[in-house]
Amino acid sequence: MLDGNDALCALLARRPAPHYAGALTTLRATRAFKAVDCERHPAEDPDTPLRAYRVAGAPALDHPLVRVGTDEDAARADEIEHFLTWVTSEAGKNALTTAHLDPAAREENVRLDPRHVADQLNAYRAAHPELRVEVVFDVSRSMAEDSKLTGARAAVDEALGHLGGKARYQVRVFPTGKDGEGSTLRDSPWQAKGTQKLKLGAKDVNKDRQADLVSVLGTVRGDIAAAKEADRSTPGDEAPHQYAVLLVTDGDYREGKRPQLDALADVAARLGRVEGAPVHVVATRPEGCASGYEADTVARYSGGGCTRLGPELAAALSRTVTALDEGED
């Protein structure tokens, strides 16, 4: 599991199956697990015992499909290649064929087919193309109030630091014109992490308080459609990139008009379902991610998530970016 602790929480919450289920996780995550810490999947009964069984016969890695001791792509690739070599060798095949649960578990022996493991590894590689994130940052006048812009910018900066070495991002700011319309790409498109911090400050804030979310999300969809077309026309790509949107916004606001919830739902659905790009929203208004507001509508219809601006934003965004980079979303 990409997040062993979350998998164990889901077990206690009875999310994987209505009656009985198991999770393949790491020994470290199992030992550190505390049901009272579950937030995403709160346990129906935190005192419900979970039985842990140790699988023998595997090499000394946490698990071949997660980061194994390093955040560096080259080192991680070496570890995975080492495992793949081992699992297809005679020694690996013999070890997996005789793999069993700890006898103290009093359960049937577990057999792991080495060919199945190799197939899973290859499928995992093919299913996790490089990530491209478009950061869409609201610079309407209301974002200058109550340190919204500086707080959100710092959190996004930290989150982008969790991108993998081959992942890329680009930044689009809005509104740049009158009546809340217009947007602009900042700096070079599809930059590597650590290239530079987000250079957004008071001078970037638009004098207009209005912000047209429908217009900018339509432009973002055009960005991603064009990038996907470039993917298809580039020879030698083993797999297209995967795309996601990180939207920081103070909401859809046009003077004298109601929020465009139906139009937002439509453009968000097209981003998520047609372009395969979920929108993860940072909501900076007091209502945050409450149902029936713009942030919730965009996140829900695109298949993304919503996080309210606050002290926990940086950590929450970092987890979101890591999950996207690992193909968990």
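Analyst: In helix α10 of this predicted model, the buried residues are L313, A314, A316, L317, S318, V321, A323, L324 and D325. The helix runs over residues 313-325, and its 13 residues reach 18 Å from the first C-alpha to the last, which is close to the 18 Å expected at 1.5 Å a residue. What covers the buried residues of α10 includes the strands β1 (131-138), β4, β5 (279-283) and β6 (306-308), together with helix α6 (148-160).

One of these covering strands, β4, spans residues 242-249 and also holds Y243, which is paired with W190 in strand β3 (residues 184-192), 53 residues apart, so that distant parts of the chain are linked. Y243 is buried because its relative accessible area, 5%, is under 20%, whereas W190, with a relative accessible area of 22%, is partly exposed.

As for confidence, the protein averages a pLDDT of 77, and 72% of the residues score at least 70. Strand β5, which is among the elements covering α10, has the highest confidence, at a mean of 95, while helix α5 (residues 114-127) has the lowest, at 59. Over residues 59-68 the pLDDT is below 50, although this stretch has 26 contacts in the model beyond near neighbours in sequence. Residues 100-112 likewise stay under 50, and the model gives them 20 contacts beyond four places in sequence.

Technical notes: Residues are numbered from 1 along each chain as its sequence is written. This is a predicted model: local features need pLDDT of at least 70, side-chain atom pairs count only at pLDDT 80 or more; totals for chains, interfaces and linings use all residues. Side-chain values use heavy atoms; hydrogens and water are left out. Helices (H or I, at least four residues) and strands (E, at least two) are DSSP runs, numbered from the N terminus. Buried means under 20% relative accessible area, exposed over 50%, partly exposed in between (1.4 Å probe, protein chains only). The expected span of a helix is 1.5 Å times one less than its number of residues. Contact means heavy atoms within 4.5 Å. pLDDT is the predictor's confidence in each residue, from 0 to 100.
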